[in-house]
Amino acid sequence: MASRRWTRTALAFTLFLAALAISIVVSLCVGRYSVSALRALEILGTAIMQPGRVVETMDERIVLLVRAPRVIIAAMSGAALATAGVALQGVFRNPLVSPEVLGISQGAAFGGALAITMGIWGVPLLLAVFVAGFLALILVGLLARIDGRTEIITVILSGMVIGSLFSAFVSLLQFIADPNSSLPAIVYWLMGSFATATWDRVLVSAPGLLAGMGLLWALRFRLNVLSLDDSEARSLGAHPDLERWLVFALVALIVGCQVAVSGIVGWVGLVIPHAARLIVGYDHRRLLPATAVLGAAFMVTIDTLARTVTAAEIPLGVLTAIVGAPVFAALLRRHYREREAK
Amino acid sequence: MKSQRPRVPLIPAAIACVLAMSPAVIPVFAEDIVVTDHENRQVVLTAPAERVVTIPMPMASGVIALSGGADTLVGLNPLSLTAIREGILGKIFPDALNISDAVTGTDFVPNVEALAEVNPDLVIQWGGRGPEIVDPLVNAGLTTLLIKYGTEELTREYMTMVATAIGKPERIDALVAWRDRVQQEIAAKTAGIAEADRPSVLYLGRSLSDITAAGNKGQYSSWYIELAGGKNAAAELDGSVSINREQIAQWDPEVILLNSFEPELDVSWVYDDPILSLTKAAQNRRVYKMPLGGYRWDPPSQESPLTWMWLAELLHPDLFNYDLRAEMTAAYKTLYNYELTDEDIDGIIWTAQQGTGLGYDQFAVN
């Protein structure tokens, strides 16, 4: 039985990795600027063989300075957001949880909107996003802690409260923003886009995203334990409260880094874990890497569509919702049908 | 003075209905000023409006130009005030800097209490953008003129309406005649230019966070690009939408125009960008930020003919022979009764930032 499970997992991983590889190659080869797929691969090959070479021509710059960092940020963001979703769903023992529930996304959005309103761009903007995301999490923590204990339900309710509060702050900023300059910037940024991806941004976001994912991977056994009842988890030697907050902090790290470089991208943390769970099961040892690879492939594909379908950039949030919501609905129906059949 | 009232009592309304059926007895007195606005509403004023509030952005400086001073304008959009502060109008009319901008939010929703405070004879508001931003004005009993935007024809119409409403019809004839003359001069010269000789021009409505470009549909920028003998590089777009750098590389425009709305934006944004710096526009140093004078030169305004001349000279310097500095000096004398200095002109057309651009030497002081 177990070996069949592992064979199935191995097959799933092969497929996921193939999907990721294909999506990345396609993304590097297509775009609004015409570079033939062969030429794009040649440029990529040359760049890998001769790192540090100065890129001169437009097609080289498009592939290496526009598409490559964009694909990498999209892949990392997709993987990290999906991993964060899995971790949260695990510790909450609830499949409908995503980073938005803890108010982290809204907090991060507020930090970014505030920075744009004040005319702050670049690394300070990223810092503002990051700090505000963490601030939201700390507020949720303080609010949820009653008599030295934190119940899951109070965490969710506190997350809703803090999330709403920060959403209101974002609305307030939109209300007072200059409709000629900062308002469109805020609105566009809130809809999410990888259009501003550069290698600098890769370097800024990569450490946080990779560390967040890596540490969640390190916690994979704990996540399995935390998926049990608190009393059961304690009997197995875990400290559910402490470890839960460790997971939240890692999720805040991931969301902060992602929102800072590409605005709010919804749905990935909700839909991808479900899809992965259906295929590889509930064990976080398999689920975490499967979700990460699937999330990366999904995000790269969506972003390729966003930047190539029309001359206009389609906001990512719109596409993830259009693709994500029906998939989620289908998954839900299938999930309940299967449960009833059992 | 009031043209609309929120609620008409039943009996007078019935009498009005009967009266309205016989056109000979419409109760409009000989000295009343009647203007039909862009929503086909009759706006009736018993005397020329002496206290005007403008909610659409370009109209504030228009009222100053048409009335010949800042006294008539008693309320404006906060963004109109920003343009006055950033541009030269604040220097010409320092009093304009104190006009109330509390009368509306930047979203064009009127603040009726602030409006009552400044007690306007006439409020100019956007038409065609729904009743939400108009009803509060009408319900407060304020005489409201609705204008639409986007084409040269509409611009001339609303400028004429406003000139009539403030009792300065004699001012508008000269301004419309000027627009007409310059438009025809330019059109006559550019009409014969073959498609292949028309440089592709990309106007970027926003740049710093999110890049937007405008297609041909109802966009004033697209209209004057064509007028000046260019072709809109972003013609395939539908309206004004977000695009990416790769798309600009694909269009590879010969000229890039940057908006004047973002104060921190200048031509180095293009020249320092790894992708945009490889476009024909950047390679040939044909990147220009739109000037900011009495109003921003991107949207239609009382200064539009100067925009057309400036762009025509940049696109086809061999074809045109406008002395832009002299034209600006004459226009500012007519519009604002102000003698432009050389420093003023260099400030308006951003000589310090983009004086080394191709063709910009023709605008230098002789």
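Biologist: How many residue pairs are in polar contact across the interface of chain B and chain A?

Modeller: This is a predicted model, and a pair is counted here if both residues have pLDDT 80 or more. The contact itself takes 25 residues from chain B and 29 residues from chain A. Across it, the number of residue pairs in polar contact is 8.

Biologist: Which element gives the most to the side of chain B that touches chain A?

Modeller: Both β10 (240–243) and α10 (245–251) of chain B supply at least two residues of that side. The greatest contribution, 5 residues, comes from α10(B).

Biologist: Which residue of chain B meets Arg307(A) in a salt bridge?

Modeller: Chain B and chain A share 3 salt bridges. In one salt bridge, the side chain of Arg307(A) lies 3.6 Å, N to O, from that of Glu246(B).

Biologist: Why is one side of β4 and of β6 in chain B left without a neighbour in the sheet?

Modeller: The open sheet of chain B has 4 strands, with parallel pairing, in the order β4-β3-β5-β6. β4 (73–76) and β6 (144–147) of chain B stand at its edges, so one side of each lacks a neighbour, as each has a single partner strand.

Biologist: Which residue of β4(B) stands opposite Thr54(B)?

Modeller: Strand β3 (residues 52–54) of chain B pairs with β4(B) in the parallel sense, over 3 bridges. Opposite Thr54(B), the residue in β4(B) is Leu76(B).

How values were computed: Residues numbered from 1 in each chain as written. Chains lettered and ligands numbered in written order. Predicted model: local features only at pLDDT ≥ 70, side-chain atom pairs only at ≥ 80, totals over all residues. Heavy atoms only, no water. Pairing = 2+ DSSP bridges. Contact = heavy atoms within 4.5 Å. Salt bridge = Lys/Arg side-chain N within 4 Å of Asp/Glu carboxyl O. Polar contact = N/O pair within 3.5 Å; in protein donor to acceptor, adjacent residues only side chain to side chain.
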